[in-house]
Amino acid sequence: MSKLQRRNLLQGAAALAALGLVGCASTSVPSKARVLVVGGGYGGATAAKYIRLFSDYKIEVVLVEPNEAFVSCPISNLVVGGARQIQELTVPYTALRAKHGVTVVRDYVAGIDAAKRVATLASGASIAYDKLVLSPGIDLMWDSVAGLKEAQAAGQILQAWKAGPETVALRRQLEAMPDGGVYAITIPEAPYRCPPGPYERASVIASYFKQAKPRSKVLILDANQDVISKGPLFKKIWAEQYKGIIEYRPQHKAVAVDAKASTVKFEVQDDVKADVLNVLPSMRAGAIAVQTGLANSNGRWVGVNYLNFESTAAKDIHVLGDAIQIAPLMPKSGHMANSHAKVAAAAIVAELNGWEINPAPMLTNTCYSYVDTGKNVIHVASVHEYVAAEKTFKTVAGSGGVSAAPNELEATYAWNWARTIWSDALA
């Protein structure tokens, strides 16, 4: 383990200790669950809570999650920019256990036998289930960028696309970068987790540089042809607020890194050298979905029946959040995972009770993006309805929309959104 990795581990432990989470006793593993939920993120935690609520606390729920606390990816760019601390984004699973009666098991699910309806944990224990909710998030496809896995393991080139110790480590890299240095973020081809996230991160870091390191630069190296979320707004902000600081380069598909030379190589364009490299590779559904054959869409994403989010590859396994093959204009976002979970929870409770499921579910989504270190925000919002004739979700005409301009009021909305959705899922 490198010095940086040890430091990251200690920082993460310190953040949890500050919340009184280190040293929590593990819950004994039950042999059977009416509903087994795998993954305690925006999708899994919400599903666990709402299955209990919708069933009037009559359906037993077991949640398997390796981490001691939930750490939010939304808002985590403010930690990178120095405006928030990781502890502010961290919520324990205490209320799910104590208030809602969810059995929380701190472990990994290592395998799923869909035919026998049994999940095997990394510890060796097994849990049988009637229904399984899988919310595994995303995994990074290290092989899509040669040399990246080794550079990440050495703590040299980070991603911080799963909030936690690495988020703090990226912040430390920026703090250590000299004034006049270059930070570069590479963006993979869509789809990936949180479409506006990389552009938000670039903006927040540019704001930090403008205040603390005014001779420094931000390079956005995007594999896509253009900014894929809130494009006109972001580009206007960059031109007006960060002229000479942010440079946006489309059609830059990263294929390799040289950590020793601090260089990223591209499919077509010239190599780029930077003081801090933040290289995001292609993404896919979490490993358990791939290993069990549930990722049946290009080997990356899980196909689902959108009425109840049941996997098209296995009966009684319902898959939520970033791991699924999305419907048209459906983002991979925390809010969307929360919406998936509520539709799936209602359907699961109905199916276990022999009731008809809702034939016309609706989903909502809001994505807030900070464009500086905590003062101004823009948003995009949408409402999605299930279209039975096409067996998919489509956006409702005229719903949602985008901000007219960044403003401080939306910064208040964004922080309140975060606190509200964390409470909705976990309190």
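The second largest pocket of this predicted model has a volume of about 450 Å³. A pocket here is an open set of points, on a 1 Å grid over the protein atoms alone, with protein on both sides within 12 Å along at least five of seven lines, and its lining residues have an atom within 4 Å of a point. Grid points are joined across faces, edges and corners, and a volume is the space filled by probe spheres set on the points. The lining numbers 20 residues, of which Pro-195, Ile-228, Ser-229, Leu-329 and Pro-331 are the closest to the centre of the pocket. Strand E21 (362–370) and strand E22 (377–387) each contribute at least two lining residues, and E22 has the largest share, with three. Helices (H or I, at least four residues) and strands (E, at least two) are DSSP runs, numbered from the N terminus. By type, the lining splits into 14 nonpolar, four polar and two charged residues. In this division Ala, Val, Leu, Ile, Met, Phe, Trp, Tyr, Cys and Pro count as nonpolar, Asp, Glu, Lys and Arg as charged, and the others, Gly among them, as polar.

Residues are numbered from 1 along each chain as its sequence is written. Local features need pLDDT of at least 70 and side-chain atom pairs count only at pLDDT 80 or more, while totals for chains, interfaces and linings use all residues; side-chain values use heavy atoms, with hydrogens and water left out.

E21 and E22 also meet helix H8 (residues 231–241): the buried residues of H8 pack against both strands, and against H7, strand E11 (217–222) and strand E12 (246–249). Those buried residues are Gly-231, Leu-233, Phe-234, Ile-237 and Trp-238. Buried means under 20% relative accessible area, exposed over 50%, and partly exposed in between (1.4 Å probe, protein chains only).

The largest nonpolar core has 117 residues, and Leu-36, Val-218, Ile-220, Phe-309 and Trp-422 touch the most other members. Such a core is a set of buried Ala, Val, Leu, Ile, Met, Phe, Trp, Tyr and Cys residues joined through side-chain atoms within 4.5 Å. A second, separate core of 16 residues includes Leu-219, Val-257, Val-272 and Val-279. Leaving aside residues up to four places away in sequence, Val-218 has contacts (heavy atoms within 4.5 Å) that include Tyr-183, Phe-209 and Ile-245.

Strands E13, E14 and E15 form an open antiparallel sheet in that order. Its edge strands, E13 (254–258) and E15 (272–273), each pair on one side only. Two strands pair if DSSP finds at least two bridges between them. Strand E14 (residues 263–266) pairs with E15 over two bridges, and Thr-263 has Lys-273 of E15 as its bridge partner.

Some backbone details lie in loops. Between strand E10 (182–187) and helix H7 (197–212) is the loop that holds Pro-191, and the peptide bond from Ala-190 to Pro-191 is cis, with omega near 10°. Cys-194 is in the loop between E10 and H7, and its phi is positive, near 60°. Cys-194 counts as partly exposed because its relative accessibility is 26%. Ala-160, in the loop between helix H5 (148–153) and helix H6 (165–176), has a positive phi of about 55° although it is not a glycine. With 3% relative accessibility, Ala-160 counts as buried.

Notes
On a 1 Å grid over the protein atoms alone, a cavity is a set of points where a 1.4 Å probe fits but cannot get out, and a pocket is an open set with protein on both sides within 12 Å along at least five of seven lines; lining residues have an atom within 4 Å of a point.
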